[in-house]
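Q: Got a model open here and a few things to check. Can you go through it with me?

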Amino acid sequence: MARNKEALVLVLDVGPTMHAILPQIEKVCSMLIEKKLIYSKSDEVGVVLFGTEATENELTKEVGGYEHITVLRHIKVVDGDLLQALQNLPRESVDGDFLDAIVVGMDMLIKKFGPTNKGKKRLCLITNALHPIKDPYEGTKEDQVSTIASQMMAQGMKMDCVIARLTQNMEANKRIMEENDLLLRVFSNKSSTKTVYVESPTKLLGALRTRNISPVTIYRGDLELSPKLNIKVWVYKKTSEEKFPTLKRYSNKAPPTDKFATHEVKVDYEYKSIEDPTRVVPPEQRIKGYRYGPQVVPISSAELEAVKFKPDKSVKLLGFANASNIMRHYYMKDVNIFIAEPGNAKAILAVSALARAMKEMMKVAIVRCVWRQGQGNVVVGVLTPNVSDNENIPDSFCFNVLPFAEDVREFQFPSFSNLPSSMQPNQQQQEAADRLVRMLDLALLGKEEILQPDFTPNPILERFYRYLELKSKDKDAAVPPLDETLKKITEPDPEILFQNKSVIEDFRRCFELKENPKLKKSTRRLLKEKPSGSDDEREALGNGSDAQPMDAIEYPSKIKTEKIGDANPVQDFEAMMSRRDSPEWVSKAIQYMKDKVFELVENSCEGDSYQKALECLTALRKGCILEQEPKQFNDFILHLYKFCQQKDLKSFCEYLASHGITLISKTEAADSEVTEDEAKTFIVKSEQGF
Amino acid sequence: MREKKNLQDLNGVYVFNVAEREDLDRPTARLIKEFECIEEKFDNDIGSKYGILSGSRDNSLYSALWVAQALLRKGSAKTADKRMLLLTNEDDPFGSIKGITKMDMMRTTLQRAKDAQDLGISIELLPLSRRNDEFNVSLFYAELLGLEGDELTQFQALAGERLKDMKEQLRKRIFKKRKIRRIKFIIANGMSIDVDTYALIRPTNPGTITWLDSVTNLPIKSDRSFICTDTGALLQEPAQRFQSYKSEDVMLSVDELSEIKRIASGHLRLLGFKPLSCLKDYHNLRPSTFIFPSDEEVIGSTCIFVALHRSMLQLNRFALAFGGSSNNPHLVALVAQNEIISGGGQVEPPGMHMIYLPYSDDIRHVEEVHADANTIAPRATDDQTKTASALVRRIDLKDFSVCQFSNPALQRHYAVLQALALDEDEMPEIKDETLPDQEGMARPGIVKLLEEFKLSVFGENYEDNDLTIGGTMTEASRKRKAIADNATKEYSKYDWLELADTGKLKDLTMAELKYYLTANNLSVTGAKAALISRILTHMGK
């Protein structure tokens with residue numbers, strides 16, 4: 001078997017209590033297979049379902065028992081059919097026995113591979129473990145689990161258990177749950193089993209490791225405490241970003257009849273003199289030039305090699321420092337881990353003693369590292385203790401790279417305490433903020449931490465692999481909107497928002513936010529995407545500052561706004577106005593917006609919604625100018641005025657006047673029948689009129 | 001001064017320059033080189049007089065300011081940061097004259113300085129130490145620089161350090177404060193504030209590389225062309241990409257790919273708060289980004305930011321948010337940082353640091369790879385931990401700050417570059433500040449603690465540390481050891497020198513050749529010819 005090839009048996013619970021979460025299980029299993037189809041095409045996968053009405057497995061034929069367990073697929077190389085099967089898991093009607101299912105899975109692996117391929121055989125159990133396992137013929141359940149676990153060890157199998165217990169199916173029998181949890185712990189203690197408990201669908205997607213990488217050390221050697229005292233350590237990467245795959249460029253030049261066409265594109269680089277572009281310089285004739293003031297100093301790589309900094313391979317301790325001296329934001333890169341040389345009991349002890357001492361004293365170690373001989377630089381970093389709470393796993397250190405003096409830019413910022421009092425929160429505001437920070441808690445005591453990085457999938461990659469699968473079936477498929485479960489990563493969970501509605505509302509009421517009247521940039525920015533000739537110049541003027549603000553409403557294009565909601569009426573309006581799939585949208589948007597403004601003004605209580613109404617009106621006005629619909633706006637505002645006067649809402653008229661809302665004049669939109677002067681005096685007039 | 005050299009033809013001012021360079025220009029290698037010998041040149045050519053003397057109508061300080069200001073007129077105030085550095089050891093330049101002339105000279109000089117400052121030129125004073133007494137800023141320069149009250153006392157206190165600071169910064173690149181971009185921080189539906197993002201910590205590289213033609217030393221540019229591998233035809237950059245999947249090619253357009261990545265609006269969206277203990281040391285991928293509120297467009301942003309900042313600090317929580325950049329948005333932790341001031345300077349600005357968090361598949365579980373379910377990992381006993389604690393306490397880097405080391409590789413690179421640019425013969429030696437303090441480590445107190453730790457953890461026979469404890473050796477290393485042992489045994493059976501001399505090495509088998517290589521710790525990879533040549537090279541033939 002290839003070095004990295006893996007054999008995996010998925011053991012899935014499809015009983016009635018699992019139905020709610022099966023869609024997520026289908027997704028996470030498909031993702032696993034989709035990645036295998038790209039990165040490890042020769043991996044072999046089998047699928048065992050339990051809780052099925054029918055019984056279909058070899059053990060039941062051979063020895064009897066093992067009911068309600070169906071082998072959906074024998075261990076075979078991954079292919080599209082498997083993916084298809086996993087995307088359409090059956091919903092079955094029996095409460096299954098997970099231990100029997102594990103045994104069936106193990107049996108499949110043993111029959112296929114025997115004792116070979118140690119460490120490359122994996123079982124993956126997904127269940128809620130809410131139902132009791134059968135009593136064994138002899139001994140206790142615990143004994144039985146122990147025997148199975150040791151058999152697993154002997155065969156060199158690993159197991160991942162994902163125990164999915166969403167909050168809604170918690171009415172289960174507590175005693176059985178506890179018993180099962182105990183049995184699962186036996187697995188963890190006696191075999192290479194990792195158990196993850198999952199309470200949310202989002203976590204389920206991240207609970208199963210879909211990336212199979214065999215770790216490689218970046219350093220093996222001494223951690224030098226002093227020239228006379230070394231500890232043997234191995235250093236690995238602890239985190240490493242999984243990048244978006246780089247796709248190959250496609251060439252359509254090959255004739256369609258050519259079955260062996262690669263369709264690949266070669267990128268060729270040619271080097272030419274800037275002064276004389278006809279002269280081609282061969283790549284080996286190039287030389288690196290470094291800037292020194294206005295000059296460029298050529299240095300050949302040989303020259304550079306001869307004089308460059310060449311430290312010897314080593315990891316040396318510089319000393320210990322207070323943990324509080326190393327701020328979290330100084331960590332520069334992805335993280336490494338220092339473990340004591342495996343099997344070297346003395347080294348493990350030494351690392352353990354240091355880690356425990358450092359943890360107790362809140363200290364960190366500063367080390368200087370040169371991972372390889374010939375590496376042209378040194379790395380100074382910090383070792384933080386990583387004391388293990390699993391008795392099988394030795395203590396270790398996390399290693400983070402620290403910046404050098406050159407890497408830190410000392411920009412000065414105003415002190416918060418020196419800010420003018422208008423920018424300082426008052427006591428009431430501070431209390432509202434305290435409440436918000438306390439209540440919007442993602443790590444409630446007694447509940448699982450929400451969006452823990454260790455169990456949160458990468459939404460972009462999830463989306464990519466799903467789309468790839470879709471595209472392989474239908475080459476015209478459009479990119480589907482982001483899955484609801486993944487949306488919980490990119491947006492706040494509506495449920496949490498709902499639970500804390502009053503706290504959030506309270507926070508919003510306490511603070512006032514308004515656009516800087518002198519700088520109408522942001523509203524203009526909202527309309528930026530529109531193809532409007534007249535607006536561009538003004539925009540260029542407004543955007544003179546070097547910070548290019550990001551587009552305020554860069555909404556995913558898939559979400560097509562069809563109505564104006566309560567939350568973001570202005571954004572909804574902009575979105576509708578910019579829809580180009582039908583000319584009707586503009587008039588619809590204007591009509592909706594008018595209704596919205598009316599609604600806001602009419603339902604206002606002592607002017608609490610005036611600001612929002614003003615924002616809407618401003619947006620409406622802008623939109624009407626851009627779409628050359630001045631009459632729509634002018635008629636509306638006159639109507640609105642009349643309405644306000646009648647309904648005793650004069651304060652709104654005054655509010656508008658104080659914010660300089662005028663009619664749209666001829667100079668702004670050619671179709672308008674109002675002159676500039678009329679537009680300006682209109683409010684004054686209408687006020688005098690009553 | 002004997003010599004005068006300046007555009008305005010003023011007495012007592014000398015504008016130093018070299019050929020092929022305007023008076024105000026980017027520094028060139030030649031300028032630096034010649035400036036290094038200014039002392040010698042000063043005595044010979046430029047000559048000097050002392051200060052401003054009574055009886056003379058020349059006000060050299062005034063003239064100097066004028067000349068400097070005239071030089072700085074070049075370039076607009078918007079694009080350039082204009083500074084005058086005044087280096088002097090005379091705290092009372094008009095001390096030797098009296099009466100009306102003095103008043104007059106002081107007034108005009110101060111006016112000249114004020115004019116310069118009004119033009120956006122900042123004047124900085126670097127007082128040089130005097131042999132006998134301290135440099136008294138309040139005599140004259142306080143007024144020139146516009147220092148008042150607290151600022152004055154602060155300046156006095158730091159006067160001595162300023163030159164030292166400048167010397168220390170000489171080889172450090174100076175960055176102008178510049179924000180990356182302004183983003184919206186969406187706190188709740190319909191409530192978003194403006195924050196500016198800054199890169200406070202980024203790895204510094206040795207500067208951009210300009211590729212040159214090694215024959216002419218002229219810059220070259222690269223041209224990229226796309227060639228179809230099937231037909232050899234020249235293409236425009238194609239808009240289609242493909243990924244091989246289920247043994248076929250799945251095509252995706254560039255637009256579709258960017259659509260996939262567009263899952264956030266490019267803003268920062270608050271998701272909730274967590275205790276700081278949830279932020280583990282391994283939750284890191286990239287350098288952090290600093291965020292600071294801005295009221296420029298949305299008034300009230302700062303107030304909300306400050307309130308949240310205070311609450312988070314007080315409750316020991318960080319905010320979890322999604323966003324960061326529109327093409328690679330991430331889950332981020334926003335960690336509030338309180339302002340830290342030390343020695344009159346801001347060491348840590350107040351604000352929040354955005355820490356990019358890994359996803360589940362970015363985290364590797366290396367510890368578990370080597371864990372053995374049947375053996376309990378050794379843990380240090382309390383005694384062993386105690387000896388370690390003593391060691392940790394003793395080898396203490398007091399007041400360690402992350403920026404105390406400069407990057408030796410970078411310093412070397414700069415030094416080499418300068419040496420080559422200035423045609424210096426000798427390569428300068430750069431001190432590697434990152435090496436451990438050998439002397440300190442050799443202090444008897446520390447050596448004693450090290451010995452105690454060694455004894456408590458490793459026992460009597462520390463020297464055997466290299467040998468892994470029997471039975472726990474990995475399979476691979478046992479195999480490797482067996483091969484090595486066998487090789488040394490077999491190695492002695494051949495007369496290698498003679499075989500080599502008679503050219504009979506090629507008659508041996510690969511396995512036999514490998515005995516020599518393994519016994520001599522050489523690589524055993526490659527074809528037979530490669531092995532033989534490696535053996536011969538090793539023998540020195």
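This is a predicted model: local features need pLDDT of at least 70, side-chain atom pairs count only at pLDDT 80 or more; totals for chains, interfaces and linings use all residues.

Q: Which helix is Ala575(A) found in?
A: Helix 17 of chain A, residues 569-577.

Q: And what separates the C-alpha atoms of Ala575(A) and Tyr250(A)?
A: A distance of 34 Å, with the two residues 325 apart along the chain.

Q: Switching to the interface. How many residues of chain B are in contact with chain A?
A: 211 residues of chain B, which touch 221 residues of chain A. The two chains bury about 20600 Å² between them, and carbon and sulfur atoms account for 62% of that area.

Q: How many salt bridges between chain B and chain A?
A: Eleven. One of them joins the side chains of Lys363(A) and Asp396(B), at 3.2 Å from N to O.

Q: Which helix gives the most to the side of chain B that touches chain A?
A: Helix 8 of chain B, residues 301-315, with 14 residues. That side of chain B as a whole divides into 106 nonpolar, 56 polar and 49 charged residues.

Q: What about strands: which strand of chain B is joined to strand 19 of chain A?
A: Strand 12 of chain B, residues 298-299. Two bridges join it to strand 19 of chain A, residues 514-515, and the strands run antiparallel.

Q: Which residue does Glu515(A) stand opposite?
A: Val298(B), in strand 12 of chain B.

Conventions:
Residues are numbered from 1 along each chain as its sequence is written. Chains are lettered from A and ligands numbered from 1 in the order in which they are written. Side-chain values use heavy atoms; hydrogens and water are left out. Contact means heavy atoms within 4.5 Å. Buried area is the accessible area (1.4 Å probe) that two parts lose on being put together, summed over both. A salt bridge is a side-chain nitrogen of Lys or Arg within 4 Å of a carboxyl oxygen of Asp or Glu. Helices (H or I, at least four residues) and strands (E, at least two) are DSSP runs, numbered from the N terminus. Ala, Val, Leu, Ile, Met, Phe, Trp, Tyr, Cys and Pro count as nonpolar, Asp, Glu, Lys and Arg as charged, and the others, Gly among them, as polar. Two strands pair if DSSP finds at least two bridges between them.
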